[in-house]
Amino acid sequence: ATHYLSISDDPNGEYVWLCGDTGLTVYNKTTSSFTSVLLPTPVQGLQSLWTNSDAANYLTIGNGTRQIYYNDSLINWSDFSASRPTNVNATYFNTVWESYIIPSQTANWKFISNTTNGVSRLYINGDLIIDEITTPSDTDGWAQLTEGKVYNFRYEYFKNGSVGGSAQLQWQANGAGPIVTIPETNFGKPN
């Protein structure tokens with residue numbers, strides 16, 4: 001079964017995008033027709049949607065030219081001026097990573113968002129955990145997660161136009177021990 005992760009309207013009002021764990025479905029309002037773009041079926045990893053934008057609209061998800069980057073293994077982009085998907089602006093853009101997160105142990109997980117030249121938001125099971133847009137110093141948050149349980153995951157990054165920029169999402173079990181970039185093995189699909 002397809003699990004839908006998000007629904008977005010085209011800024012011009014002509015299309016509706018349904019992003020699911022099996023692919024992208026586009027509904028054309030003018031012709032009343034559906035088109036499906038199937039994604040590779042990874043067992044692990046994240047789907048990401050990159051949107052070019054401008055100074056006035058970069059904080060609005062989906063406002064601009066869309067491009068899907070099918071499969072990221074983890075969120076660890078160290079320098080957007082040197083590395084980003086083809087045809088994505090070097091200045092203003094926003095990105096949404098969606099998947100399911102499956103913890104390898106039961107813990108109160110501390111999530112840490114390390115970003116430069118931009119801000120981020122993190123949602124776990126629909127709950128807003130980190131919100132740098134409202135509170136720029138809000139770069140970490142907590143969620144009690146159970147080993148092996150599947151949770152909806154959404155991480156948003158908004159690039160603000162400055163040169164460079166980075167986005168990295170890490171976690172730490174119970175606020176103790178090593179802080180690590182969330183591994184690919186903890187992202188996946190429900191069985």
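Are Phe93 and Tyr157 buried or exposed? Phe93 is buried, as is Tyr157, where buried means under 20% relative accessible area, exposed over 50% and partly exposed in between, with a 1.4 Å probe and protein chains only.

## Basis of the model

This is a predicted model, in which local features need pLDDT of at least 70 and side-chain atom pairs count only at pLDDT 80 or more, while totals for chains, interfaces and linings use all residues. Residues are numbered from 1 along each chain as its sequence is written, and side-chain values use heavy atoms, with hydrogens and water left out.

## Overall fold

The protein chain has zero helices and 16 strands. Both are DSSP runs numbered from the N terminus: helices are H or I with at least four residues, strands E with at least two. Of its 191 residues, 45% count as buried. The accessible surface of the chain is about 9,100 Å², and carbon and sulfur atoms account for 49% of that surface; such areas come from the Shrake-Rupley method with a 1.4 Å probe, and for residues only the protein chains shown count as cover.

A contact means heavy atoms within 4.5 Å. Among contacts between residues at least 6 apart in sequence, 65% join residues at least 24 apart. In strand β8, Tyr100 is buried at a relative accessible area of 5%. Its C-alpha atom is 8.2 Å from that of Asn186, 86 residues away along the chain.

## Nonpolar core

The largest nonpolar core has 28 residues, and those with the most contacts inside it are Trp97, Ile101, Phe111, Leu122, Ile124, Phe153 and Tyr155. At least two residues of this core come from each of β5 (46–52), β8 (92–101), β9 (107–116), β10, β11 (127–131), β12 (140–145), β13 (151–160) and β14 (166–173). A nonpolar core is a set of buried Ala, Val, Leu, Ile, Met, Phe, Trp, Tyr and Cys residues joined through side-chain atoms within 4.5 Å.

Leaving out residues up to four places away in sequence, Ile124 touches Ile101, Phe111, Ile129, Leu145, Tyr151, Asn152 and Phe153.

## Aromatic pairs

The structure holds twelve aromatic pairs. The ring centres of Phe93 and Tyr157 are 6.1 Å apart with planes at 50 degrees, so this pair is tilted. Phe93 is in strand β8 and Tyr157 in strand β13, 64 residues apart. Trp97 and Tyr155 form another tilted pair, at 5.6 Å centre to centre and 35 degrees between the planes. Because Trp97 lies in β8 and Tyr155 in β13, the pair ties together parts 58 residues apart in sequence. Trp97 and Tyr155 are both buried.

Rings of Phe, Tyr and Trp (its six-membered ring) pair if their centres lie within 6.5 Å; planes under 30 degrees apart count as stacked, over 60 as edge-to-face and the rest as tilted. Ring pairs link Trp50, Trp77, Phe80, Phe93, Trp97, Tyr155 and Tyr157 into a cluster.

## Strand β9

Seven of the ten residues of β9 are buried, so the strand is largely enclosed by the rest of the structure. Two strands pair if DSSP finds at least two bridges between them. β9 pairs with β12 in the antiparallel sense over six bridges, and Asn108 stands opposite Gln144 in β12. The pairing of β9 with β14 is antiparallel over eight bridges, with Gln172 in β14 as the bridge partner of Lys110.

## Arg121

Arg121 sits in strand β10 (residues 118–124) and counts as buried at 18% relative accessibility.
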